[in-house]
Amino acid sequence: MTSLAGKSVLLIVGGGIAAYKAHELVRLLKTRGAAIRIILTKAAEQFVTPLSLASLSGEKVHTSLFSLTDEVEMGHIQLSRAADLVVVAPATADLIAKMANGLAGDLATTTLLATDKPVLIAPAMNLRMWRHPATVRNVETLKRDGLALTGPNDGEMACGEFGPGRMAEPDEILAAIVGMLKPRAQPLAGKKVLITAGPTREPIDPVRFISNYSSGKQGYAIARAAVELGAETILVSGPVSLPIPPGVQMMPIETAQEMLEICQGELPADIAVFTAAVADWRVAAEAAEKLKKTGNAPPGLSLAENPDILATISRDPRRPRIVVGFAAETEKVTEHAAEKLKNKGCDLIVANDVGRESGVFGGDRNTVHLVSTAGIENWPNMSKDEVARKLMERLARMLAPDRKAAE
Ligand code: CTP
């Protein structure tokens with residue numbers, strides 16, 4: 001039984017029928033030795049009382065943003081900062097919507113907006129509410145913001161319907177809490193990881209450019225994984241619509257040439273992972289003014305080849321110890337990847353099929369093949385986050401083969 005002694009959990013109880021399970025969750029957390037602080041929303045007070053939770057936790061239960069004594073003793077900012085983890089259980093559709101939109105009208109939502117600690121939510125609601133496009137959108141937003149989810153489970157609900165929406169059981173929430181509070185190995189502490197991500201934009205004239213469909217999701221996931229493993233992480237990224245992962249040093253660029261210069265400027269590094277979909281060509285001579293229709297034939301675009309950033313860094317005298325390329329292919333995936341491994345001089349190619357029906361560009365999942373001189377390793381279909389974690393753990397082991405990474 002993992003002890004949570006010395007750990008502090010802030011439990012925010014939302015107003016749903018599953019709120020009664022907060023009692024059992026508090027009891028379980030107490031048996032593990034965690035310190036618990038509790039916030040009840042107004043709606044939650046309809047289902048459970050501050051008194052019952054205060055008796056179980058042995059702590060005062062907070063309910064009001066405008067409580068003078070609470071603000072004097074422990075302001076809401078302090079409440080969120082003092083915790084190692086914030087848990088929202090049950091997370092109702094209303095609370096999820098407020099969190100996704102950054103509303104801060106009461107103590108619970110203000111605290112959630114003010115916290116810089118990891119947040120775990122245990123959604124609970126009617127299955128139609130869970131499946132509603134608004135909730136789906138809000139949950140996606142929260143996941144993108146880096147919040148962790150446990151549940152909801154399938155099962156019979158208080159409303160008599162059957163399906164997803166039941167809050168995870170207290171022992172499941174406890175397991176998720178233990179997982180999140182477990183000290184993580186940081187095998188890349190003191191190491192520098194350079195990552196390229198997203199597309200590049202090659203200007204045609206002041207208002208037009210050549211680019212591609214890259215979403216940057218895989219590269220950003222790799223950056224998050226590198227930070228988790230303790231690396232100093234430099235993310236050189238083309239324009240994408242993703243939040244900057246906490247803890248990375250962000251270097252925004254537009255063109256391939258800019259990306260190359262930033263990468264060269266960041267050497268030496270221990271590991272470099274090139275996930276960017278660099279435009280292979282740029283317009284040879286960018287027009288200084290907007291190109292106008294003339295009524296004659298459309299203007300021809302004369303293209304020049306862009307520098308190959310992966311190949312250039314692989315051959316740099318200050319080459320990182322491990323250089324990893326990605327190969328975006330639509331056919332003969334591993335054959336083309338093996339050629340790229342040789343031509344570009346890197347240590348590993350992560351090959352993936354980006355054919356239109358694969359859903360890789362812009363999607364959340366990926367099926368990759370690791371191609372190195374040691375052979376080909378086929379990984380099963382995984383989320384881009386899982387690919388990122390597995391890859392970074394592998395690279396950490398390659399860097400220090402005597403140490404077992406991330407255990
Ligand atoms: N790459 C790069 N600089 C370029 C082109 C590609 O650093 N100018 C890197 C990518 O980040 C990726 C790898 O090279 O890690 C392979 O990219 P990919 O687009 O699959 O290959 P290309 O070299 O562009 O070859 P092709 O388009 O002919 O398949």
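These legends walk you through a few close-up views of a predicted model. Local features need pLDDT of at least 70 and side-chain atom pairs count only at pLDDT 80 or more, while totals for chains, interfaces and linings use all residues. Residues are numbered from 1 along each chain as its sequence is written, and side-chain values use heavy atoms, with hydrogens and water left out.

View 1. Six strands line up in the order S3-S2-S1-S4-S5-S6, with parallel pairing. Strand S3 (61-62) and strand S6 (148-149) stand at the edges with a single partner strand each, so one side of each has no neighbour in the sheet. Strands here are DSSP runs of E with at least two residues, and helices are runs of H or I with at least four, numbered from the N terminus. Two strands pair if DSSP finds at least two bridges between them.

**View 2. Strands S4 and S5 side by side.** S4 (residues 85-91) and S5 (residues 119-123) are joined in the parallel sense over four bridges. Look for valine 88, which stands opposite isoleucine 121 in S5.

**View 3. Serine 8 in strand S1.** Serine 8 belongs to S1 (residues 8-13). Is serine 8 buried or exposed? Its relative accessibility of 9% makes it buried (under 20% relative accessible area; exposed is over 50%, partly exposed in between, with a 1.4 Å probe and protein chains only). Leaving out residues up to four places away in sequence, serine 8 touches residues including Ala35, Arg37 and Leu85 (contact means heavy atoms within 4.5 Å).

**View 4. Alanine 338 in helix H13.** Alanine 338 sits in H13 (residues 333-344) and is partly exposed at 35% relative accessible area.
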